[in-house]
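Visitor: I have a model open and would like to go through a few local features. Can we start with the strands?

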Amino acid sequence: MNNAIVDVRNVSITIDTFQGPLRVIRNQDISLQPGEILGIVGESGCGKSVLVNSLMGLLPYGKTKIKADTFMIDGNDCLEFTEDDWNELRGTTVAMVFQDPMTSLNPIMTIGEQMYEVIHRTNAYGEGYEERAIAIDLLKMGLSTPERRLSQYPHELSGGMRQRVCIAMAVAGRPKILICDEPTTALDITTEAQILRLMQTLAVEAGIGIIFISHNLRVIAQICDRVMVMYAGKCVESATVEGIFNEPRHPYTLGLLLALPQGKWHGELKAVEGQPPDLFDLPRGCAFNPRCKWAMRICGNRIPMVTNVGEGHQFTCWLAKLEGL
């Protein structure tokens with residue numbers, strides 16, 4: 001039985017630009033179970049943010065075309081949603097934590113005012129609730145003296161504190177899905193660890209399904225249950241954290257892992273050579289083949305099909321299919 005709270009299959013997303021239609025996501029699947037933390041990794045421009053923004057209905061209205069076999073969020077078919085439909089879903093079913101907490105908060109409103117507005121608008125607590133008590137309880141997840149924070153403005157808080165406020169606001173509507181778009185990028189390592197523990201607590205204790213985007217593979221290894229590796233608008237490998245880090249099958253995944261500092265690292269990092277392709281002019285066959293040192297003739301002529309190895313481990317690579325990496 002499929003209990004997925006996100007069940008999107010074969011989705012393609014095209015955005016109208018001044019250069020013409022740009023197909024940002026190509027025939028992609030994404031699923032999420034309650035209490036699961038799904039990591040999405042890949043270089044800038046590979047389509048991570050566009051994919052998750054589509055789950056919030058945040059793509060440019062009137063300029064975006066979404067096609068999919070299935071586009072279900074918590075049992076709702078969202079393919080033909082209007083803006084009003086998305087407004088019903090945002091905050092209560094799916095919520096988002098953005099990268100920069102300073103631009104996510106209103107600088108001329110106190111933390112309390114912003115918390116109260118979210119609690120009131122989502123209406124997730126029924127009748128007779130007290131907004132202040134709920135706000136204090138939510139802020140206790142990561143902040144000391146939450147009563148004091150309610151009267152403060154965003155500029156009076158540190159970056160880590162502001163991000164905790166954003167997380168508290170995101171979960172104020174009791175959503176089933178929380179999308180985190182690089183929420184720890186601007187934080188120091190200690191604050192980052194505290195935010196990651198908070199995410200794990202939300203998944204384990206509240207049963208919230210979390211989609212976590214990050215460029216930091218060590219963060220992904222620490223927090224996630226499953227990982228999607230995206231390249232040029234498509235997932236090239238998907239597996240459990242153990243499968244991705246211990247048995248990578250796609251050359252791009254292997255390249256990302258080799259770019260990490262090793263245990264006794266000395267010298268230069270082993271960066272993936274070349275640049276991501278222009279989405280207006282994708283190469284024939286496998287999109288990664290111009291950068292792949294193992295590329296074969298077939299890689300430049302035919303797009304590899306999805307191959308399954310073991311439970312939940314999928315990849316798209318001719319070489320790995322024939323010989324393994």
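**Strands, rings and a buried arginine**

Guide: Ile15 stands opposite Thr64 in β4. Keep in mind that this is a predicted model.

Visitor: How many bridges join β1 to β4, and in which sense do they run?

Guide: There are 4 bridges between β1 and strand β4, residues 64–67, and the two run antiparallel.

Visitor: And what joins β1 to β5?

Guide: Strand β5 covers residues 70–73 and is joined to β1 by 4 bridges, again in an antiparallel arrangement. Within that pairing, Arg9 is the residue opposite Thr70.

Visitor: What about β2, how does β1 pair with that?

Guide: β1 (residues 6–17) and β2 (residues 20–32) are antiparallel, with 9 bridges between them. They make a hairpin, with 2 residues between the strands.

Visitor: Which residue of β2 does Ile13 face?

Guide: Ile13 has Ile25 opposite it.

Visitor: Switching to rings. How many aromatic pairs are there?

Guide: The structure has 4 aromatic pairs. One of them is Tyr231 with Phe288, which counts as edge-to-face because the planes are at 90°. The ring centres of Tyr231 and Phe288 are 5.2 Å apart.

Visitor: Where do those two sit in the chain?

Guide: Tyr231 is in strand β10, residues 226–231, and Phe288 is in the loop between α11 (251–258) and β12 (307–308).

Visitor: Are the two residues buried or exposed?

Guide: Tyr231 has 3% relative accessibility, so Tyr231 counts as buried. Phe288 is at 4% and therefore counts as buried too. The cut-off for buried is under 20%.

Visitor: Which residues make up the cluster around that pair?

Guide: Tyr231, Phe288 and Tyr252 form one aromatic cluster.

Visitor: New topic: Arg162. Where is that?

Guide: Arg162 is in helix α7, which spans residues 159–171.

Visitor: What is the nearest side chain of opposite charge, and how far away is it?

Guide: That is Asp100, 6.0 Å away. Arg162 is buried yet has no salt bridge. The cut-off for a salt bridge is 4 Å between a side-chain nitrogen and a carboxyl oxygen.

Visitor: What does Arg162 touch, then?

Guide: Leaving out residues up to four places away in sequence, Arg162 touches Pro101, Met102 and Leu105, along with Pro154, His155 and Leu157.

Technical notes: Residues numbered from 1 in each chain as written. Predicted model: local features only at pLDDT ≥ 70, side-chain atom pairs only at ≥ 80, totals over all residues. Heavy atoms only, no water. Phe/Tyr/Trp six-rings, centres within 6.5 Å; stacked < 30°, edge-to-face > 60°. Buried < 20%, exposed > 50% of the residue type's maximum accessible area, 1.4 Å probe, protein only. Lys, Arg positive; Asp, Glu negative; His and termini not counted. Contact = heavy atoms within 4.5 Å. Pairing = 2+ DSSP bridges.
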